[in-house]
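This report describes selected secondary-structure packing in one protein model. The sequence and structure are shown first, followed by the description.

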Amino acid sequence: MKDKTRIEDIGKKGQMVKLREEDLMELPYPYNQPDMEPKFTEPKDEWRERYVTDLDGYIAINIPVKRPETKEEEERMVRRFLEGFKRLLTKNDHWTFLQPLLLTLEYCAKCQACADACPIYLASGKKEIYRPTYRVEVLRRIYKKYIKGKSDFVSGKIDLNWDTLAKLAEVSWRCTLCRRCEQRCPIGINNGLITREIRLLFAQEMGFANKEVHELGTVQHLKVGSSTALTPDGFKDIVEFMEEEIEEKTGKKIKIPVDEKGADFLLIHNAGEYLSWPENPAAFAILFEEAGISYTLSSELVGYDGVNYGVWYDDMQLARIALKHTEAARKLDCNSIVVGECGHAHKAIAVIADRVVADETNVYRQSCMPILWDIVKKKKINFDPEKNDFPVTLHDPCNMVRLMGVVEPQRKVLRALCPQFREMSPNGVYNYCCGGGSGFAIMQSMNFPEWRNKVSTRMKLKQTMDAFKDCIDPSINKMLCAPCSNCKGAIRDMFSYYQVPQKTSTYYTGLVEFMVNAMVDLEEPYIEWEFH
Amino acid sequence: MVVSLLQLSSYVAFAIFIVAVLAKWRQWSSMPIHLRWELYPVPHEPEHEHGGSYFEEFNFWEKHREKNHLNEMKELFTELLFIKRVFDFKRQFWFTTYPFHLGIYLILAWFALLFVGGLTQAYTGIAIPSAHPWAQLIYYLTLLTGSLGIILGTLGCIGVLLYRLSEEDMRKYSAGLDYFNLIFILVVYVLGAISWLSFDRTFTTAQAYMTAMVSFSSAIPQLNNIILAHVILLELLWIYIPFTKMSHFVGKYFTYHKVLWEDEPNLRGSEVEKKVREVLGYKVTWQAPHFTAGRTWAEEATKPSKVDVIERWEP
């Protein structure tokens with residue numbers, strides 16, 4: 001059924017959209033069979049009281065809300081928002097994205113060529129509020145009417161009131177910032193950026209965002225050292241644990257370098273790897289040791305956690321964390337920083353934060369992917385691809401491919417080491433997001449995970465099943481390679497929600513695990529066929 | 001007297017158009033450097049075929065950086081001349097918007113040919129039309145571009161207008177001004193078409209008008225009311241366009257070259273680093289609790305910051 005929601009409906013009272021099973025994008029076999037996926041649930045009444053559920057019934061902004069009770073209170077909230085919006089339009093406060101912001105507000109032709117690029121819009125059954133241009137058009141109309149003072153005839157209808165503010169804040173957390181829509185724009189404007197700009201306005205002016213991203217994310221990262229709450233001492237303990245694990249699993253006695261001055265580069269992993277998938281940083285340690293590569297990890301505060309959630313919502317938090325990363329490298333006299341398997345950490349430090357470093361903070365930053373391919377290409381380690389003789393497909397993290405241009409090294413590794421490697425479609429720079437981008441993978445409160453699993457990650461489930469359709473039988477073990485911690489987080493939850501390992505014997509892991517698994521001198525397989 | 005005023009108004013309209021477009025260009029080009037927001041494939045990257053960048057090279061800063069400018073131009077002109085992305089991703093709409101835009105390009109070419117023809121007549125003494133090969137070339141090209149431009153532009157404009165009105169996805173997102181702009185253009189086209197078909201099929205009057213313009217002569221041909229209305233509305237359109245989103249022909253350069261394809265690395269000692277140093281000196285006034293009043297970006301990003309967080313969103 002065609003969604004009749006209009007732009008100006010955002011300012012009306014009541015829930016805008018109710019998601020329905022029958023509208024969702026159909027999934028391939030076996031998920032097109034009856035009762036193969038859990039149903040939508042209703043938000044609890046207490047959630048409706050305390051949070052904003054009027055967008056689609058789901059909650060991303062998980063700090064309590066006190067609704068305005070008088071007209072004056074409502075006007076005060078609107079005024080605060082507009083003051084922030086004006087700051088967004090000044091070069092002092094917002095040089096960071098002023099030009100792309102204004103170009104996007106100015107020039108959209110509203111042709112909607114971008115709409116069908118969006119996996120969330122498609123997966124939801126084309127719900128209007130998820131259309132890439134929806135939130136952008138709301139902001140554009142506010143800009144024209146309330147900042148530039150134009151009439152409805154010029155701006156289009158919009159009312160800036162509490163409902164608009166509340167739903168605008170919420171709808172800015174229904175886009176993964178994958179920027180697939182931007183590839184299709186004939187004018188070249190940036191819908192994904194506007195999503196981030198709305199988040200940024202609320203964060204930098206009013207001080208809130210999703211709690212896991214801001215308070216438990218960047219704030220905790222800067223204070224404790226990691227968004228996982230891992231402390232420097234805890235990090236050192238984990239490194240010791242990894243050394244023991246490596247020895248137990250491979251028989252190799254490896255001393256993982258930590259705080260070694262003068263190494264060629266500082267390797268920074270997403271700290272989530274140490275806690276959830278320690279086999280990934282351990283695999284890096286094995287490969288780099290075997291290949292004789294000079295590197296070090298850092299135990300400096302922030303320096304051992306490569307994530308940078310600022311990239312999703314706040315320029316200052318982004319800059320603070322990025323500068324802590326470069327400082328950690330500087331203290332160890334490293335020539336550069338190499339980012340492990342984490343897509344947003346790649347983009348944050350190598351691309352976005354490239355314009356917040358200067359002089360002594362300008363330590364060069366790069367991806368781990370070329371080094372990994374170099375190890376295979378130059379035969380620095382003996383590999384036997386037959387050890388990886390099972391179906392493998394690759395999920396491309398958007399941040400690594402579309403937003404950074406690191407596309408080939410990782411698939412060259414897979415082509416060389418995995419005889420049954422097959423691409424999913426589309427792939428590379430035209431891939432679909434895992435559905436966990438822009439913070440979604442770590443947003444676990446209340447009913448948001450349900451929305452993520454049913455809507456946001458739906459396309460990735462479809463792509464994965466399609467890639468393995470010739471071997472979907474559960475008697476055949478299959479592996480999805482996701483060289484990114486956040487993607488793995490989203491995929492882990494999606495696999496659990498849909499019981500993918502149980503129903504199809506499809507598992508997921510990072511890239512380096514395939515490399516270690518293929519090492520000739522390893523007696524036991526490194527990849528374990530278990531879901532965690 | 002009316003005709004002289006008309007001539008003057010044509011000069012003024014054209015001058016305003018040029019000045020306003022240049023001002024627009026200056027406005028976009030004088031903006032401060034921004035954080036990188038490129039999107040791959042970036043066509044000047046040598047590995048653009050698969051969407052690759054220099055980040056695919058280990059220690060990329062040690063390597064000589066190559067840029068494929070030819071491919072960038074190819075991509076630019078493919079988009080500009082054929083509106084490729086609309087063709088690829090919104091095919092039905094392309095069948096209206098492409099003739100519309102092609103019509104505009106042809107009319108611009110027609111203007112340029114009238115201009116060249118005007119110069120030819122005014123300063124070489126070669127009459128257009130005449131048996132002179134150059135005059136023949138200009139004459140027939142003018143005829144071709146003008147006729148095709150009017151036909152395609154008028155039909156395309158009607159098509160775009162109807163499409164915007166009939167397709168719900170576009171209609172919901174369109175404001176009154178979007179329709180006004182299209183109707184304005186359509187009126188100019190329709191008056192132009194009537195003038196052409198009824199009074200000036202070989203563009204002789206148009207050529208004579210342009211000749212008078214380039215020679216600053218008052219020997220302007222007599223214009224009937226239809227042609228007069230067409231010229232006046234066309235002048236108003238020229239004045240109006242740079243102040244609307246129809247100036248996206250300017251913006252499009254910046255959206256691509258300064259945002260989507262802008263991947264210049266911040267190498268030590270580079271011009272980029274110099275600009276970054278400058279913007280990091282800007283003072284910040286954001287009001288959230290994790291900001292401190294009076295600091296510059298560099299200070300705010302490096303000095304110890306408050307870690308207060310908002311417990312509740314309230315009035």
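Helix H20 (residues 485–498) of chain A lies across strands S7 and S8 of chain A and runs at about 160° to S8(A). The model is predicted, and the values given here are computed from it.

Strands S7 and S8 belong to an open sheet of four strands in chain A, ordered S6-S5-S7-S8 with parallel pairing. Strand S6 (421–423) and strand S8 (506–509) of chain A stand at the edges with a single partner strand each, so one side of each has no neighbour in the sheet. From one strand to the next, the twist averages 30°. Strand S7 (residues 478–481) of chain A pairs with S8(A) in the parallel sense over four bridges. A:Cys481 is placed opposite A:Thr509 in S8(A).

The axes of helix H2 (residues 71–88) of chain A and helix H9 (residues 191–206) of chain A come within 9 Å and cross at roughly 110°. H2(A) is therefore roughly perpendicular to H9(A). The crossing of H2(A) past H9(A) is right-handed. The residues that meet are listed below by helix.

| Helix | Residues in the contact |
|---|---|
| H2(A) | A:Arg80, A:Phe81, A:Glu83, A:Gly84, A:Phe85, A:Arg87, A:Leu88 |
| H9(A) | A:Glu197, A:Leu200, A:Leu201, A:Phe202, A:Glu205, A:Met206 |

By class, the contact of H2(A) with H9(A) comprises seven nonpolar, one polar and five charged residues.

Notes:
Residues are numbered from 1 along each chain as its sequence is written. Chains are lettered from A and ligands numbered from 1 in the order in which they are written. This is a predicted model: local features need pLDDT of at least 70, side-chain atom pairs count only at pLDDT 80 or more; totals for chains, interfaces and linings use all residues. Side-chain values use heavy atoms; hydrogens and water are left out. Two strands pair if DSSP finds at least two bridges between them. Helices (H or I, at least four residues) and strands (E, at least two) are DSSP runs, numbered from the N terminus. Axes are lines fitted to C-alpha atoms, for helices over the stretch in contact, and angles run from 0 to 180 degrees between N-to-C directions. Contact means heavy atoms within 4.5 Å. Angles under 35 degrees count as roughly parallel, over 145 as roughly antiparallel, 65 to 115 as roughly perpendicular and the rest as oblique. A crossing is left-handed if the near helix is turned anticlockwise from the far one by less than a right angle, and right-handed if clockwise. Ala, Val, Leu, Ile, Met, Phe, Trp, Tyr, Cys and Pro count as nonpolar, Asp, Glu, Lys and Arg as charged, and the others, Gly among them, as polar.
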